[in-house]
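Please keep the structure in view while reading.

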Amino acid sequence: MLRTCLLTYTGTVALQGAKYRGSVHDFPNFDPSQDAEALYTAMKGIGSDKEAILELITSRSNRQRQEITQSYKSLYGKDLIADLKYELMGKFERLIVGLMRPLAYCDAKEIKDALSGIGTDEKCLIEILASRTNEQIHQLVAAYKDAYERDLEADIIGDTSGHFQKMLVVLLQGTREEDDVVSEDLVQQDAQDLYEAGELKWGTDEAQFVYILGNRSKQHLRLVFDEYLKTTGKPIEASIRAELSGDFEKLMLAVVKCIRSTPEYFAERLFKAMKGLGTRDNTLIRIMVSRSELDMLDIREIFRTKYEKSLYSMIKNDTSGEYKKALLKLCGGDDDAAGQFFPEAAQVAYQMWELSAVGRVELNGTVRPANDFNPDADAKALRKAMKGLGTDEDTIIDIITHRSNAQRQQLRQTFKSHFGRDLMADLKSELSGDLARLILGLMLPPDHYDAKQLKKAMEGAGTDEKTLIEILATRTNAEIQAINEAYKEDYHKSLEDALSSDTSGHFRRILISLATGNREEGGEDREKAREDAKVAAEILEIADTSSSGDKTSLETRFMTILCTRSYPHLRRVFQEFIKMTNYDVEHVIKKEMSGDVKDAFVAIVFQEFIKMTNYDVEHVIKKEMSGDVKDAFVAIVQSVKNKPLFFADKLYKSMKGAGTDEKTLTRIMVSRSEIDLLNIRREFIEKYDKSLNEVIEGDTSGDFMKALLAICGGQD
């Protein structure tokens, strides 16, 4: 029975007709008897040859390892797993022994360990039962019965409770629908039922969540999640966090993640197993063993795309000894090394980004207009808070952080009308430090706030290129135009003149072009795209023929193309460029250009990079560039891929480790509070397993913390 279970379990991907995405393959010219002899020799006598053991076992597929086990018993009358347990120890022993078990039996052992002793390892139960296919679940149940002579469902019922238990039992049936034919009416009905079971209901109908998420097909549920977003304006994950709690919430979130992308779920689990102090070795071992012959290549690619480093490098830096060597063998390669790129996974990563962008078009801030707004009462309250000895910071924080920017501008005018005083000047006089920066930032209109950030980036010694590129490359035409007007009004100098004075060469020309806010907003023109691609090929000196235009003219045309064409049109230009030259325009720009002009040109073209190549653009940027320019380019790439996630990362980094980057923290909280801070909060908790509110509370203090928490808008 054990052997039959192995063959069906490992054959799942092949049966589905999918391309093999594991990192461990059948060893060529395999001879189980020879391998058995080699292992026996490695364990014979005093000590053991751990290098030989790990090299052999990690180089054989699970099917081949079972044949080695049988040959070992036939040749020596001994149990190979028992001998390995005796000769090895610690994490290395757990990893090697895990590899020697058939996959279903490995899962069964993990669940048995999770249920044994005092307490239950709920995370292990969630990971396995939320991620396995129907077939794998059936094999797991059979293996558990065979290995321990116990009923898995009965053991889970005996060790868990409530809705968490009910969902585990549902998943344990392995009866998720697998029909690819989806009913549009049922999709809409399920989305509505989930909405009514949670958001629209006093209390939560958990049974509806269990039934729909535990039984519907993956394809169906992906469409349900899309419909739910359209209906409610928020992703299903946000509702689960709001309506459910504890282990049940964690289980349902894991189910949703696996429905969306199982490899991404495991990439996230691996990252969390190794980040911070200490390593969760049991999680690391379990995933590396169980996914090595299923989807490790996809996990690796998503890991690199999502966390800006390769899985290989993180394992290498976080583990040691033979344990590290064995894990790296299972990983199968370093994605930071030349040549290690996976076309299918790169396309999956691109599609995920595209879907993510679509899914987040409805952005929401945390600060909204106050109901029953009374500028007279607010003005009087603020005056009272600042009059006399001492300052009532609590009142100031409460009023300023709970009014929209438009209401704050009314408040400024009312304050002047009533008291003949400048509210901004009074606030500046009464407050100090981080709180003053935060409150005064909130009082500025958004375009004036951006203008001030640009001014600061260009004044004093040196230039803050990161701020210049971030603002000019990410704002819409309307926002850029408003910033230009604000800059002129506040500093009596045009933004163009300021950029001209502080930058030089092609880099200056590109920034000025972006600062005009004149990018086309239409669709693509195929004929024009072919002409634009030809100009690109000629200026980059890879065209077969050259036009009669001089190089200076071509450079000007090329800059115009990159800085003013619409994004849909540029996508077509880049596709035509590939057809015409067999080169990727981004690669050629990096090869042919240097310095600031290269970085600015590349910043325009990255959006189609993953789609047209097998490289992840952030990985290449980090590998090929350094210093402030690299940081600026990476910031642009990340902000376009998923702007709320980009800001979530920036916020996390501003508060992690020793010390806090209060300026970055303040800038983001102020500038995003009415745009997408709610989305940022969701991305923050999704990636870091802790809420933005919680991190702010732990990393700041006093009135500054109170104001930040008010802007944050709540605990997730």
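## Charges over rings

The model shown here is a predicted one, and every value below was computed from it.

## Aromatic pairs

A pair of aromatic rings is described by two values, the distance of the centres and the angle of the planes. In this model the count comes to 15 aromatic pairs. One of them joins Y40 and Y72, whose ring centres are 6.4 Å apart and whose planes stand at 55°, so this pair is tilted. Because Y40 belongs to helix α3 (residues 32–43) and Y72 to helix α5 (residues 62–76), the pair ties together parts that are 32 residues apart in sequence. Y40 has 27% relative accessibility and therefore counts as partly exposed, whereas Y72, at 0%, counts as buried.

How are the rings of Y40 and Y76 arranged, given centres 4.0 Å apart and planes at 5°? The pair is stacked, because planes under 30 degrees apart count as stacked. Y40 lies in helix α3 and Y76 in helix α5, so here the parts tied together are 36 residues apart in sequence. With a relative accessibility of 26%, Y76 counts as partly exposed. Taken together, Y40, Y72 and Y76 form one aromatic cluster.

## Enclosed spaces

Rolling a probe the size of a water molecule over the atoms shows where empty space is left. In this model, 3 cavities of 30 Å³ or more are counted, and the largest cavity holds about 80 Å³ of space.

Which residues line the largest cavity? The lining is made by Y449, D450, Q453, T467, E470, I471, R475, F647, R667, I668 and S671. The elements that give two or more residues to this lining are α29 (446–458), α30 (465–474) and α43 (662–672). By kind, the lining residues of the largest cavity divide into 4 nonpolar, 3 polar and 4 charged, and a reader can find each named residue in the structure.

Definitions and conventions: Residues are numbered from 1 along each chain as its sequence is written. This is a predicted model: local features need pLDDT of at least 70, side-chain atom pairs count only at pLDDT 80 or more; totals for chains, interfaces and linings use all residues. Side-chain values use heavy atoms; hydrogens and water are left out. On a 1 Å grid over the protein atoms alone, a cavity is a set of points where a 1.4 Å probe fits but cannot get out, and a pocket is an open set with protein on both sides within 12 Å along at least five of seven lines; lining residues have an atom within 4 Å of a point. Grid points are joined across faces, edges and corners, and a volume is the space filled by probe spheres set on the points. Helices (H or I, at least four residues) and strands (E, at least two) are DSSP runs, numbered from the N terminus. Ala, Val, Leu, Ile, Met, Phe, Trp, Tyr, Cys and Pro count as nonpolar, Asp, Glu, Lys and Arg as charged, and the others, Gly among them, as polar. Rings of Phe, Tyr and Trp (its six-membered ring) pair if their centres lie within 6.5 Å; planes under 30 degrees apart count as stacked, over 60 as edge-to-face and the rest as tilted. Buried means under 20% relative accessible area, exposed over 50%, partly exposed in between (1.4 Å probe, protein chains only).
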